[in-house]
Amino acid sequence: MSLPIVYHPDYIAPLPEGHRFPMSKFKLLYELLLADGIAQLDCVYRPEVPSRELIELVHLPEYVRAYCEGTLDPKAQRRIGLPWSPALANRTCVAVGGTILTAQLALQYGLACNTAGGTHHAFPGYGSGFCIFNDLAIATRVLQQLGLVKKVLIVDLDVHQGDGTACIFQDDPSVFTFSMHCEANFPNNKQKSDLDVPLPVGLDDDGYLHILAKYLSDVLSQVQPDLVLYDAGVDTHASDRLGKLALTDLGIYRREMQVLTTCLAAGCPVACVIGGGYADDLQGLVARHSLLHRAAKVIYQQCLAVPS
């Protein structure tokens, strides 16, 4: 058994030429993982589109209906930043299904990785910042509804605060939100996570990893979650055009190893999503996203794989 990886061909949908969201990265990431032997075809799982009822565990029914049917008003569309199309609406729902499946696989195998996900700027009644439905929140509620978990820890290391996730779970003791993000970055109006760690512009590898080590073990001990949902955004990289931090490729790989080993050592299964990443060098961006899966494969083989 190799590392469980979740992918669907519908993780990409057409966008207008020149759009700044790097939609093609999801397919390119999957192809890279296959080419480098990180993903094995017999351990790649394809998600299904979740029912609207599951999406509505988090989002207002009128918002879900308006988005899925293409009747969302233009101002709300502009706030999302992605032009509506039937293909994009389908892609949005498939990606949510991917994170639900990833979480279920993590509970079964101890560790699993999506090749999309991390839409943490989506609020119950509206989308924002390229995020339409909040996959992290929906997966949490689905697993709770199924009785598979009671307590969930969301570790959000995207460079931007997980404001939608923080809002959704505010005052909910069953979900702990931990966001480490660049302070001087989107969103301008931050929400209150259970633990927010704002970071200074230009923070480098060693500074970042020292701060992460300072908090993560204590959070795990305090929360004692049944599952960790890990948003591994690579917009923390020095070359990211929406980032403002200064991590290197090696720093991101060290971060992934640190998060995964710390969580698994605490006895917590981990479901990973890739989060944000925005760069003109698409191949470099895809390679950075793959660092999550590379680290996860190493740790899975060392700690979780059952010898055949």
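Me: In which sense do β4 and β5 pair, and over how many bridges?

Reply: The model is predicted, so local features need pLDDT of at least 70 and side-chain atom pairs count only at pLDDT 80 or more, while totals for chains, interfaces and linings use all residues. Residues are numbered from 1 along each chain as its sequence is written, and side-chain values use heavy atoms, without hydrogens or water. Helices (H or I, at least four residues) and strands (E, at least two) are DSSP runs numbered from the N terminus, and two strands pair if DSSP finds at least two bridges between them. β4 and β5 meet this condition in the parallel sense, over 5 bridges.

Me: Which residue is the bridge partner of Leu-153 in β5?

Reply: Strands of a sheet pair through backbone hydrogen bonds, either parallel or antiparallel. The pairing of β4 with β5 is parallel. In β5, the partner of Leu-153 is Phe-176.

Me: How many residues of β5 are buried?

Reply: Buried means under 20% relative accessible area, exposed over 50% and partly exposed in between (1.4 Å probe, protein chains only). By this rule β5 is largely enclosed by the rest of the structure, because the number of its residues that are buried is 8 of 8.

Me: Which are the edge strands of the open sheet?

Reply: The sheet has 8 strands in the order β2-β1-β3-β8-β7-β4-β5-β6, with parallel pairing. An edge strand pairs on one side only. The strands in that position are β2 (44-45) and β6 (195-199).

Me: What angle does the direction of helix α5 make with that of β3?

Reply: Contact means heavy atoms within 4.5 Å. Helix α5 (residues 86-109) packs on the sheet and touches β1 (5-6), β2, β3 (111-114), β7 and β8. Axes are lines fitted to C-alpha atoms, for helices over the stretch in contact, and angles run from 0 to 180 degrees between N-to-C directions. For α5 and β3 the angle is about 165°.

Me: Which elements do the buried residues of α8 pack against?

Reply: Helix α8 (residues 205-223) lies across β4 (152-156), β5 (175-182), β6 and β7, running at about 175° to β5. Its buried residues include Tyr-208, Leu-212, Leu-216 and Val-223. An α-helix has 3.6 residues a turn, so residues three or four places apart point the same way. The buried residues of α8 pack against β4, β5, β6, β7 and α9 (249-265).

Me: How far apart are the end C-alpha atoms of α8?

Reply: The expected span of a helix is 1.5 Å times one less than its number of residues. The 19 residues of α8 should therefore span 27 Å. The distance in the model agrees with this, at 26 Å.

Me: What is the handedness of the crossing of α1 and α10?

Reply: Helix α1 (residues 25-35) and helix α10 (residues 282-303) pack at about 60°, with axes 9 Å apart. That angle makes α1 oblique to α10, since angles under 35 degrees count as roughly parallel, over 145 as roughly antiparallel, 65 to 115 as roughly perpendicular and the rest as oblique. A crossing is left-handed if the near helix is turned anticlockwise from the far one by less than a right angle, and right-handed if clockwise. The crossing of α1 and α10 is right-handed.

Me: Which residues of α6 make the contact with α5?

Reply: The axes of α5 and helix α6 (residues 135-145) come within 9 Å and cross at roughly 50°. The two helices are therefore oblique to each other. From α5 the contact includes Val-96, Ile-100 and Leu-107. From α6 it is made by Asp-135, Ile-138, Ala-139, Val-142 and Leu-143.

Me: What is the omega of the peptide bond from Phe-186 to Pro-187?

Reply: Most residues other than glycine have a negative phi, and most peptide bonds are trans. Pro-187 lies in the loop between β5 and β6. The bond from Phe-186 to Pro-187 is cis, with omega near -5°.

Me: What is the relative accessible area of Asp-171?

Reply: Asp-171 is in the loop between α7 (163-168) and β5. Its phi is positive, near 65°. Asp-171 is exposed, with a relative accessible area of 76%.
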